[in-house]
Amino acid sequence: MSAANLRIVLLGCPGAGKGTQASALCGRYGLAHVATGDLFRAEVAAKTALGLKVSDYMKRGVLVPDETVNEMVAGKLGSLSGGWLLDGFPRTLSQAQELDKAMKAGGGRIDLILNLRMPPEEVVRRMAGRRSCPACGEVYNIESRPPKIEGKCDKCAGPLLQREDDKDATVRKRLMVYEDLTRPLAAYYRSEGAFEEVDGSLPADEVTQGAARIIDRLLAGRSGFSAG
Ligand code: AP5
């Protein structure tokens with residue numbers, strides 16, 4: 001197996017650093033980054049029918065209905081020919097089962113389920129400091145990853161904004177939803193050999209190194225491959 005064909009699912013609570021790690025790992029291994037939250041935000045910004053349908057769920061910090069998410073992800077994965085990393089999907093048991101079904105139908109499998117462990121009390125603080133660039137999707141943090149010029153994206157110079165669902169009350173709601181519906185997925189996947197965890201509370205570079213060690217080991221075990 002080569003890195004280019006890897007199929008990875010990244011799990012973790014809101015603010016665990018899924019988007020941050022997904023960007024680093026997709027760059028390093030040449031994978032497509034499929035982030036359901038980003039896909040929905042793009043639909044909301046473009047005011048499409050799907051965007052209008054999901055916007056209220058997102059504002060309230062609750063999950064978009066499974067059928068809507070499953071349909072979007074199936075379409076997205078169907079359009080990809082190489083490896084990918086899923087960020088923010090699956091988030092319910094029903095979504096995980098739908099993904100399993102799709103993988104079996106295509107004769108493939110998920111190579112790695114990587115869970116970012118993170119204490120919830122740290123999350124609220126991280127989210128309060130998050131700033132994102134709506135134009136290019138780059139994510140910053142006023143404490144741990146500030147932009148070079150305050151309020152401006154390093155990559156495209158676009159204005160940085162705070163996400164509407166990063167308000168304190170909405171973050172707490174999202175964490176409750178995570179505890180009820182998404183945390184149980186770790187147990188669902190833990191019984192499978194492909195499940196691994198890293199400590200998401202470490203500095204971002206160290207989290208990336210930990211994840212890369214796991215991926216390199218996986219690749220080396222299967223084909224003698226090791227990435228930079
Ligand atoms: P989504 O966008 O997926 O939000 P989320 O899972 O809540 O995750 P976040 O994007 O908030 O956090 P993250 O883990 O990516 O952290 P990040 O790297 O940005 O979903 C939004 C909404 O869409 C949902 O509420 C739901 O309504 C809907 N939705 C999406 N998918 C769905 C699905 N499958 N089913 C149903 N509904 C769905 O980092 C956060 C901050 O911390 C940043 O500022 C970053 O710079 C900083 N940071 C990151 N790592 C570190 C570190 N190691 N140390 C210090 N700071 C760090």
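Guide: Two strands pair if DSSP finds at least two bridges between them, and strands (E, at least two residues) and helices (H or I, at least four) are DSSP runs numbered from the N terminus. The model here is predicted, so local features need pLDDT of at least 70 and side-chain atom pairs pLDDT 80 or more, while totals for chains, interfaces and linings use all residues. Residues are numbered from 1 along each chain as its sequence is written, and side-chain values use heavy atoms, without hydrogens or water.

Visitor: What does Leu 114 touch, then?

Guide: Leaving out residues up to four places away in sequence, Leu 114 touches Val 9, Leu 10, Leu 11, Leu 25, Glu 196, Val 198, Ala 211 and Ile 214, where contact means heavy atoms within 4.5 Å.

Visitor: Which residues have the most contacts inside the largest nonpolar core?

Guide: They are Tyr 29, Leu 85, Leu 114 and Ile 215, in a core of 30 residues (buried Ala, Val, Leu, Ile, Met, Phe, Trp, Tyr and Cys joined through side-chain atoms within 4.5 Å). Strands E1 (7–12) and E4 (112–117) each supply at least two of its residues, as do helices H1 (18–29), H6 (120–129), H7 (168–182) and H9 (204–223), and H9 gives the most, with 7 residues. Apart from this core lies another, of 24 residues, which includes Leu 11, Val 34, Met 72 and Trp 84.

Visitor: Changing topic: where is Pro 147 found, and is Pro 147 buried or exposed?

Guide: Pro 147 is found in the loop between strand E6 (139–141) and H7, and it counts as buried because its relative accessible area is 14%.

Visitor: And what does Pro 147 touch?

Guide: Not counting residues up to four places away in sequence, Pro 147 touches Tyr 140, Lys 152, Asp 154 and Leu 160. From Pro 147 to Glu 206 the separation is 59 residues in sequence and 20 Å in space, C-alpha to C-alpha.

Note on methods. Buried means under 20% relative accessible area, exposed over 50%, partly exposed in between (1.4 Å probe, protein chains only).
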